[in-house]
Amino acid sequence: MKNRNILAIFVGVSLVLFFAFKVLAQTSAIEGWDKAKFGMTPEEVREAYSAEEEEYKIDSLFWFVQEEGESLWLVVEEGKFLSWCPYTLTTPFLKVLGREAGINFRFVENELFRIEIMGAVAAPSKDWGRESISKRISEAGELQSNLWRLRRHLFNKYGEPFKIEKTEREVILTWKDDEGDSLILEIFYDDKFEWQGMYYDFPGYYVIYSDKERTELWKKKIAKEKEGKEKLEGKGVDSF
(Lines give C-alpha, C1' and ligand atoms only; values in the text may rest on other atoms or scores of the structure.)
Protein backbone atom coordinates (compact mmCIF):
# COMPACT_ATOMS: atom_id res chain seq x y z
CA MET A 1 0.00 0.00 0.00
CA LYS A 2 2.83 2.33 0.88
CA ASN A 3 4.55 1.63 -2.44
CA ARG A 4 1.32 2.38 -4.29
CA ASN A 5 1.03 5.76 -2.56
CA ILE A 6 4.63 6.60 -3.42
CA LEU A 7 4.03 5.59 -7.04
CA ALA A 8 0.86 7.71 -7.19
CA ILE A 9 2.72 10.71 -5.79
CA PHE A 10 5.57 10.20 -8.26
CA VAL A 11 3.18 9.99 -11.22
CA GLY A 12 1.29 13.04 -10.01
CA VAL A 13 4.45 15.13 -9.62
CA SER A 14 5.69 13.98 -13.04
CA LEU A 15 2.46 15.06 -14.71
CA VAL A 16 2.58 18.46 -13.01
CA LEU A 17 6.18 18.99 -14.13
CA PHE A 18 5.36 17.82 -17.66
CA PHE A 19 2.52 20.31 -18.10
CA ALA A 20 4.53 23.08 -16.41
CA PHE A 21 7.41 22.61 -18.85
CA LYS A 22 4.93 22.44 -21.73
CA VAL A 23 3.46 25.80 -20.74
CA LEU A 24 6.92 27.32 -20.35
CA ALA A 25 7.96 25.98 -23.75
CA GLN A 26 5.02 27.57 -25.56
CA THR A 27 6.09 30.31 -27.95
CA SER A 28 4.20 33.23 -29.42
CA ALA A 29 2.70 33.33 -32.89
CA ILE A 30 4.28 35.83 -35.29
CA GLU A 31 1.46 38.32 -35.79
CA GLY A 32 3.29 41.52 -36.70
CA TRP A 33 5.47 44.10 -35.03
CA ASP A 34 4.61 46.39 -32.15
CA LYS A 35 1.12 47.82 -32.74
CA ALA A 36 1.04 46.84 -36.43
CA LYS A 37 -0.60 43.45 -36.96
CA PHE A 38 -0.95 41.42 -40.12
CA GLY A 39 -4.24 42.11 -41.90
CA MET A 40 -4.50 45.74 -40.81
CA THR A 41 -5.50 48.30 -43.42
CA PRO A 42 -3.29 51.35 -44.10
CA GLU A 43 -5.81 53.48 -42.21
CA GLU A 44 -5.60 51.18 -39.18
CA VAL A 45 -1.80 51.32 -39.18
CA ARG A 46 -1.90 55.11 -39.38
CA GLU A 47 -4.35 55.25 -36.49
CA ALA A 48 -2.20 52.86 -34.41
CA TYR A 49 0.72 55.32 -34.70
CA SER A 50 -1.24 58.56 -34.52
CA ALA A 51 0.39 59.53 -31.19
CA GLU A 52 3.88 58.97 -32.61
CA GLU A 53 2.95 60.93 -35.71
CA GLU A 54 1.89 63.87 -33.59
CA GLU A 55 5.12 63.76 -31.58
CA TYR A 56 7.71 63.10 -34.29
CA LYS A 57 6.36 64.62 -37.49
CA ILE A 58 8.55 67.21 -39.16
CA ASP A 59 6.92 69.96 -41.26
CA SER A 60 3.65 67.97 -41.15
CA LEU A 61 5.38 64.92 -42.66
CA PHE A 62 5.46 61.54 -40.95
CA TRP A 63 4.33 59.04 -43.58
CA PHE A 64 5.60 58.64 -47.12
CA VAL A 65 3.26 56.71 -49.43
CA GLN A 66 4.29 54.48 -52.33
CA GLU A 67 1.36 53.45 -54.49
CA GLU A 68 1.36 49.93 -55.85
CA GLY A 69 3.15 49.68 -59.17
CA GLU A 70 6.54 50.04 -60.78
CA SER A 71 8.94 51.90 -58.58
CA LEU A 72 12.53 52.73 -57.86
CA TRP A 73 11.83 51.69 -54.26
CA LEU A 74 13.07 48.16 -54.76
CA VAL A 75 11.62 45.36 -52.68
CA VAL A 76 13.89 42.45 -51.74
CA GLU A 77 12.16 39.06 -51.85
CA GLU A 78 14.18 35.86 -51.40
CA GLY A 79 17.41 37.58 -52.39
CA LYS A 80 15.99 39.15 -55.56
CA PHE A 81 15.14 42.77 -56.30
CA LEU A 82 11.59 43.31 -57.50
CA SER A 83 10.76 46.51 -59.34
CA TRP A 84 7.02 46.05 -58.75
CA CYS A 85 6.30 47.53 -55.34
CA PRO A 86 3.24 46.89 -53.15
CA TYR A 87 1.33 49.77 -51.61
CA THR A 88 3.68 50.94 -48.86
CA LEU A 89 3.61 53.28 -45.88
CA THR A 90 7.13 54.37 -44.94
CA THR A 91 8.33 56.40 -41.98
CA PRO A 92 11.87 57.29 -40.88
CA PHE A 93 10.67 58.99 -37.70
CA LEU A 94 9.93 56.13 -35.30
CA LYS A 95 12.61 55.40 -32.72
CA VAL A 96 13.60 51.74 -32.55
CA LEU A 97 16.33 50.31 -30.31
CA GLY A 98 17.23 53.78 -29.12
CA ARG A 99 17.52 55.55 -32.47
CA GLU A 100 15.47 56.46 -35.52
CA ALA A 101 14.95 53.65 -38.02
CA GLY A 102 13.47 53.29 -41.47
CA ILE A 103 10.23 51.29 -41.42
CA ASN A 104 8.14 50.00 -44.33
CA PHE A 105 4.61 48.69 -43.89
CA ARG A 106 3.61 46.84 -47.08
CA PHE A 107 0.07 45.92 -48.10
CA VAL A 108 -1.62 43.55 -50.53
CA GLU A 109 -5.36 43.84 -51.23
CA ASN A 110 -5.43 46.60 -48.59
CA GLU A 111 -4.07 44.26 -45.87
CA LEU A 112 -0.71 44.45 -44.10
CA PHE A 113 1.49 41.49 -45.03
CA ARG A 114 5.09 42.59 -44.54
CA ILE A 115 6.98 44.89 -42.16
CA GLU A 116 10.61 45.91 -42.71
CA ILE A 117 12.69 47.70 -40.08
CA MET A 118 16.18 48.99 -40.88
CA GLY A 119 18.72 50.72 -38.68
CA ALA A 120 22.46 51.22 -38.36
CA VAL A 121 25.25 53.30 -36.91
CA ALA A 122 27.67 54.19 -39.68
CA ALA A 123 31.37 54.42 -38.96
CA PRO A 124 32.69 57.98 -38.58
CA SER A 125 35.26 59.61 -40.81
CA LYS A 126 38.76 60.04 -39.46
CA ASP A 127 38.43 63.70 -40.44
CA TRP A 128 35.90 64.18 -37.65
CA GLY A 129 36.89 65.77 -34.37
CA ARG A 130 37.64 63.72 -31.27
CA GLU A 131 34.32 64.50 -29.60
CA SER A 132 32.27 63.52 -32.67
CA ILE A 133 34.16 60.24 -33.11
CA SER A 134 33.77 59.37 -29.43
CA LYS A 135 30.05 60.06 -29.63
CA ARG A 136 29.63 57.84 -32.68
CA ILE A 137 31.58 55.01 -31.02
CA SER A 138 29.31 55.33 -27.99
CA GLU A 139 26.21 55.19 -30.20
CA ALA A 140 27.54 52.03 -31.87
CA GLY A 141 28.12 50.42 -28.49
CA GLU A 142 24.58 51.28 -27.37
CA LEU A 143 23.04 49.79 -30.52
CA GLN A 144 25.20 46.68 -30.16
CA SER A 145 23.93 46.18 -26.60
CA ASN A 146 20.33 46.68 -27.74
CA LEU A 147 20.79 44.14 -30.53
CA TRP A 148 22.03 41.52 -28.06
CA ARG A 149 19.02 42.22 -25.87
CA LEU A 150 16.78 41.94 -28.92
CA ARG A 151 18.23 38.52 -29.78
CA ARG A 152 17.58 37.23 -26.27
CA HIS A 153 14.06 38.65 -26.33
CA LEU A 154 13.25 36.96 -29.64
CA PHE A 155 14.65 33.64 -28.43
CA ASN A 156 12.46 33.89 -25.33
CA LYS A 157 9.37 34.93 -27.29
CA TYR A 158 9.60 32.70 -30.36
CA GLY A 159 11.92 29.89 -29.28
CA GLU A 160 14.86 28.48 -31.25
CA PRO A 161 15.24 29.94 -34.76
CA PHE A 162 14.11 27.87 -37.72
CA LYS A 163 17.42 28.67 -39.43
CA ILE A 164 20.72 30.34 -38.46
CA GLU A 165 23.20 31.64 -41.04
CA LYS A 166 26.55 33.11 -40.03
CA THR A 167 29.51 34.74 -41.71
CA GLU A 168 32.40 36.65 -40.19
CA ARG A 169 30.54 39.97 -40.32
CA GLU A 170 26.90 38.93 -40.39
CA VAL A 171 24.32 36.70 -38.71
CA ILE A 172 20.82 35.95 -40.01
CA LEU A 173 18.23 34.35 -37.72
CA THR A 174 14.90 33.12 -39.10
CA TRP A 175 11.86 32.15 -37.04
CA LYS A 176 8.67 30.51 -38.33
CA ASP A 177 5.49 29.83 -36.41
CA ASP A 178 2.97 27.04 -36.90
CA GLU A 179 1.13 29.05 -39.56
CA GLY A 180 4.31 29.60 -41.58
CA ASP A 181 4.50 33.32 -40.77
CA SER A 182 8.12 34.37 -40.41
CA LEU A 183 10.51 36.78 -38.74
CA ILE A 184 14.03 37.44 -39.97
CA LEU A 185 16.66 39.29 -37.95
CA GLU A 186 19.86 40.16 -39.79
CA ILE A 187 22.73 41.81 -37.90
CA PHE A 188 25.73 43.02 -39.86
CA TYR A 189 28.85 45.12 -39.32
CA ASP A 190 30.74 47.68 -41.36
CA ASP A 191 34.47 47.31 -41.75
CA LYS A 192 36.28 47.79 -38.45
CA PHE A 193 37.16 51.36 -37.62
CA GLU A 194 40.60 52.03 -36.17
CA TRP A 195 41.04 54.93 -33.80
CA GLN A 196 43.79 55.61 -31.25
CA GLY A 197 45.17 52.09 -31.61
CA MET A 198 41.83 50.31 -31.07
CA TYR A 199 39.31 48.77 -33.49
CA TYR A 200 35.55 49.33 -33.27
CA ASP A 201 32.54 47.64 -34.87
CA PHE A 202 29.59 49.62 -36.21
CA PRO A 203 26.44 47.50 -36.37
CA GLY A 204 23.35 47.61 -38.50
CA TYR A 205 20.27 45.43 -38.74
CA TYR A 206 17.26 44.42 -40.79
CA VAL A 207 14.11 42.93 -39.33
CA ILE A 208 11.45 41.51 -41.64
CA TYR A 209 8.05 40.21 -40.55
CA SER A 210 6.10 38.30 -43.22
CA ASP A 211 2.59 36.86 -43.32
CA LYS A 212 2.79 33.62 -45.33
CA GLU A 213 -0.72 33.55 -46.79
CA ARG A 214 -0.74 37.19 -47.87
CA THR A 215 2.85 36.92 -49.18
CA GLU A 216 1.70 34.10 -51.47
CA LEU A 217 -1.11 36.35 -52.66
CA TRP A 218 1.43 39.10 -53.39
CA LYS A 219 3.64 36.71 -55.36
CA LYS A 220 0.65 35.71 -57.50
CA LYS A 221 -0.06 39.40 -58.17
CA ILE A 222 3.57 39.95 -59.22
CA ALA A 223 3.45 36.95 -61.56
CA LYS A 224 0.22 38.23 -63.11
CA GLU A 225 1.63 41.74 -63.58
CA LYS A 226 4.83 40.33 -65.10
CA GLU A 227 2.83 38.19 -67.52
CA GLY A 228 0.71 41.15 -68.53
CA LYS A 229 3.77 43.34 -69.05
CA GLU A 230 5.46 40.73 -71.24
CA LYS A 231 2.38 40.63 -73.46
CA LEU A 232 2.59 44.39 -73.97
CA GLU A 233 6.30 44.53 -74.77
CA GLY A 234 5.75 43.84 -78.45
CA LYS A 235 5.82 40.96 -80.86
CA GLY A 236 8.98 39.00 -81.49
CA VAL A 237 10.11 36.58 -84.16
CA ASP A 238 7.71 33.90 -82.89
CA SER A 239 4.75 36.04 -83.90
CA PHE A 240 5.49 35.60 -87.66
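Select aspartate 201 to begin: at 30% relative accessibility, this residue counts as partly exposed. The model on your screen is a predicted one.

Stop 1: Arginine 169 is partly exposed, with a relative accessible area of 23%.

**Stop 2: the whole chain.** Now zoom out. The protein chain has 5 helices and 16 strands. Of its 240 residues, 36% count as buried. The chain exposes about 15800 Å², and carbon and sulfur atoms supply 54% of that area. Among contacts with a separation of 6 or more, 51% are between residues 24 or more positions apart.

Stop 3: The whole structure holds 13 salt bridges. Side chains of opposite charge can pair when their charged atoms come close. Select glutamate 111 and arginine 214. Their closest N and O atoms are 2.8 Å apart, in a salt bridge. Glutamate 111 is in strand E10 and arginine 214 in helix H5 (residues 212-232), so the pair links distant parts of the chain, 103 residues apart. Glutamate 111 is partly exposed, with a relative accessible area of 32%.

Next, pick glutamate 116 and arginine 114. Are these two buried or exposed? Both are buried. They also form a salt bridge, with the closest N and O atoms 2.5 Å apart.

**Stop 4: a network and a loop.** Select Glu68, Glu109 and Lys221. Salt bridges link these residues in a network. Stay on glutamate 109, in the loop between strand E9 (102-108) and strand E10 (111-120). Its phi is positive, near 50°, and the residue is not a glycine.

**Stop 5: another positive phi.** Go to aspartate 34. Look in the loop between strand E1 (32-33) and strand E2 (36-37). Aspartate 34 has a positive phi of about 55° without being a glycine. Aspartate 34 is partly exposed, with a relative accessible area of 43%.

**Stop 6: a buried serine.** Finish at serine 182, in strand E13 (residues 182-189). Its relative accessible area is 12%; buried means under 20%, so serine 182 is buried. What is serine 182 in contact with, leaving aside its neighbours within four places in sequence? Select Ile30, Trp175, Lys176, Ile208, Tyr209 and Ser210 to show these contacts.

Notes
Residues numbered from 1 in each chain as written. Predicted model: local features only at pLDDT ≥ 70, side-chain atom pairs only at ≥ 80, totals over all residues. Heavy atoms only, no water. Helix = DSSP H or I, 4+ residues; strand = E, 2+ residues; numbered from the N terminus. Buried < 20%, exposed > 50% of the residue type's maximum accessible area, 1.4 Å probe, protein only. Contact = heavy atoms within 4.5 Å. Areas by Shrake-Rupley, 256 points an atom, 1.4 Å probe, with all protein chains shown as cover. Salt bridge = Lys/Arg side-chain N within 4 Å of Asp/Glu carboxyl O.
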